[in-house]
Amino acid sequence: MNLETARLRLEPYHDSHYEGLRVMDNDSGVMRYISKGIVKTPEETWESIRRVQARWEKYGFSWWAIKEKASEAIVGAACLQYLANVEGAPLEIGWRLVPEQNGKGYATEAAKAIINFAAEQIGATYLVAVADPENTPSQRVMQRLGMTYKAIEQHYDVPCVVYELSIQRSIVMGMFTQCPLRARSGHLGHYKR
């Protein structure tokens, strides 16, 4: 399902997105917080597209390529997925951008669209986002989204900061509102990919 914002169009991964996704997968700066800077091979980029397409088929959500409407260029990617890809785990939102697109508000804009999709289409009432503890730009996006710091937990086989968001439906207005949760101490959980 495509999502639209004022400046962006989010499209479920498609073969036609390969070149744009490859730009990010082959950039050690983009991959710094994802795989310790290790870039993906072209084959690994294709494998990730296939894996994401299978998740769309199975769950009805996964990763979107983020396109800037004005240029039609892929400026990033964003997701709604089970945390650490463990079925039944809390739903996670995430994002990454082509380096030249940082600082334009695209991650926040795309994430807001995904939060609305999660609430309206999936019925989600609780979401999390995780990041490398040193990835302060992603943590700032989480804060701008109204998410609340939860804890440092083990996900994707590494320590991650975890932010959380409670989503409640306003019966009177028929709208969804984001309700930040109070910070609380968390336990160290461990999820395997």
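**Salt bridges.** I began with E72, which forms a salt bridge with R9, their closest N and O atoms lying 2.3 Å apart; for a salt bridge I required a side-chain nitrogen of Lys or Arg within 4 Å of a carboxyl oxygen of Asp or Glu. E72 sits in the loop between β3 and β4 and R9 in strand β2 (residues 8-12), so the pair ties together parts that are 63 residues apart in sequence. Helices (H or I, at least four residues) and strands (E, at least two) are DSSP runs numbered from the N terminus.

This is a predicted model, in which local features need pLDDT of at least 70 and side-chain atom pairs count only at pLDDT 80 or more, while totals for chains, interfaces and linings use all residues. Residues are numbered from 1 along each chain as its sequence is written, and side-chain values use heavy atoms, with hydrogens and water left out.

I then checked exposure, taking buried as under 20% relative accessible area, exposed as over 50% and partly exposed as in between (1.4 Å probe, protein chains only). E72 is partly exposed, with a relative accessible area of 39%, whereas R9 is buried at 16%. E72 also meets K67 in a salt bridge (3.9 Å, N to O), and K67 counts as buried at 14% relative accessibility. I noted that R9, E11, K67 and E72 are linked in a network of salt bridges, and that a search of the whole structure finds 10 salt bridges.

Next I looked up R96, which forms a salt bridge with D25, the closest N and O atoms being 2.8 Å apart. This pair links distant parts of the chain, with R96 in strand β5 and D25 in helix α1 (residues 18-25), 71 residues apart. R96 is buried, with a relative accessible area of 11%, and D25 is buried at 0%.

For its partners I took two strands as paired if DSSP finds at least two bridges between them. Strand β4 (residues 74-82) is joined to β5 by 7 bridges and runs antiparallel to it, with C79 standing opposite G94. Strand β6 (residues 126-131) is joined to β5 by 2 bridges and runs parallel to it, and there E92 has V128 as its bridge partner. I also recorded that β5, helix α4 (residues 106-122) and β6 make a right-handed β-α-β unit, right-handed meaning that, with the strands pointing away from the viewer, the path from the first strand over the helix to the second runs clockwise.

**Nonpolar cores.** Which residues have the most contacts inside the largest nonpolar core? They are L80, I93, W95 and L127, in a core of 50 residues; a core here is a set of buried Ala, Val, Leu, Ile, Met, Phe, Trp, Tyr and Cys residues joined through side-chain atoms within 4.5 Å. Helix α4 supplies the largest share of this core, 10 residues. Apart from it lies another core of 8 residues, among them A84, A89, V128 and V162.

S62 lies in the loop between α3 and β3 (63-68) and counts as buried at 0% relative accessibility. Not counting residues up to four places away in sequence, S62 touches V52, R55, W56, A78, C79 and L80. S48, in helix α3 (residues 42-59), is buried at 8%. With the neighbours up to four places away set aside, S48 touches Y13, D25 and K40.

**The chain as a whole.** Among contacts between residues at least 6 apart in sequence, 59% join residues at least 24 apart.

Conventions: Contact means heavy atoms within 4.5 Å.
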